[in-house]
Amino acid sequence: MEKNSAATALMPLCDHSVPISQMGKAELLPHPKSRLETTDMKQHPILDSSIPYRALTDVTTKKESIFLLIDKLDVANNLRYQRTLEDTYCNVYSYDYCYFCKVYLPTIWWTDEALEKIKQGQEVEAVFEKTVERIYSSAIHDWFSQWGSHFGWEKMDTVDALQNKVNANGGVGIICAKRKEKGLSGHIVPVVPETNSHKAHRENGKVLYPLQSQAGKVNYNYFSLIRKDWWKDDLYASYVLYYHE
């Protein structure tokens, strides 16, 4: 989403006092009203048995199942991801993509009060708008720096390295940019494996614009050159690149 990132506060980034052994995913159960053809219950995982999960057998099955997933989520057309007058839904699409790739990315996160209880060793149930709140892309940018490695995310230095690793291993890539203006959300986009017909944009053999899939002001199942290096736009204070096996 493109606004109200301040609605979800993270603990200070320097505070790593919550042991990973106690830190679980902030995630709700799939909900029957959370569907591709509706705008309801976006904070819940989609309940739809026809959506394929990433098959983890080998690199080939990973990539083939990702292509099937992108086709099924069909971000360009499904109602769940279409922009409204108030919002766009880059975070919802990125969450759904990661969820069905069997990778954790938050679309909700623990409140400060819930994190404090977890730090004290208490078990906390994820209850929407009580122990967990929505988290938007500018806050997800900070989440990666604080919590990403705890949930298996590896920081990458260049989009070339990120695209090459996604291609080679059938993993999940993310570009996440934080807005300069406090209280506004930035943008978050999956980097996906190249196909025979959809390619990253390279110059002199290096990826300048990786192959991506996004919800935003305009939704694309696949894109690269058309948005160039959007993450370097003056709107954004900084960006991060992450990979998950």
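**Rings and their neighbours**

Tutor: Let's start with a charge over a ring: Lys42 sits over the face of Tyr89, 3.2 Å from the ring centre. Keep in mind that this is a predicted model.

Student: How many aromatic pairs does a search of the whole structure find?

Tutor: There are 18 aromatic pairs. Take Tyr104 and Phe151: their ring centres are 4.9 Å apart and the planes meet at 50°, so we call the pair tilted. Planes have to be over 60 degrees apart to count as edge-to-face.

Student: Which parts of the chain does that pair link?

Tutor: Distant ones, 47 residues apart. Tyr104 is in the loop between helix H2 (90-100) and strand S1 (108-110), while Phe151 is in the loop between H4 and strand S3 (153-156).

Student: Are those two residues buried or exposed?

Tutor: Anything under 20% relative accessible area counts as buried. Tyr104 has 4%, so it is buried, and Phe151 is buried too, at 12%.

Student: What about the rings of Phe144 and Trp153?

Tutor: Their planes are at 90° with centres 5.2 Å apart, so that pair is edge-to-face. Both Phe144 and Trp153 are buried.

Student: Which residues form one aromatic cluster?

Tutor: Tyr104, Trp109, Trp143, Phe144, Trp147, Phe151, Trp153 and Tyr242.

Student: And what joins the side chains of Gln146 and Trp147?

Tutor: A polar contact of 3.3 Å. Gln146 belongs to helix H4 (residues 137-147), and its relative accessibility is 1%, so Gln146 counts as buried.

Methods. Residues numbered from 1 in each chain as written. Predicted model: local features only at pLDDT ≥ 70, side-chain atom pairs only at ≥ 80, totals over all residues. Heavy atoms only, no water. Helix = DSSP H or I, 4+ residues; strand = E, 2+ residues; numbered from the N terminus. Buried < 20%, exposed > 50% of the residue type's maximum accessible area, 1.4 Å probe, protein only. Polar contact = N/O pair within 3.5 Å; in protein donor to acceptor, adjacent residues only side chain to side chain. Phe/Tyr/Trp six-rings, centres within 6.5 Å; stacked < 30°, edge-to-face > 60°. Lys NZ or Arg CZ within 6 Å of the ring centre and 35° of its normal.
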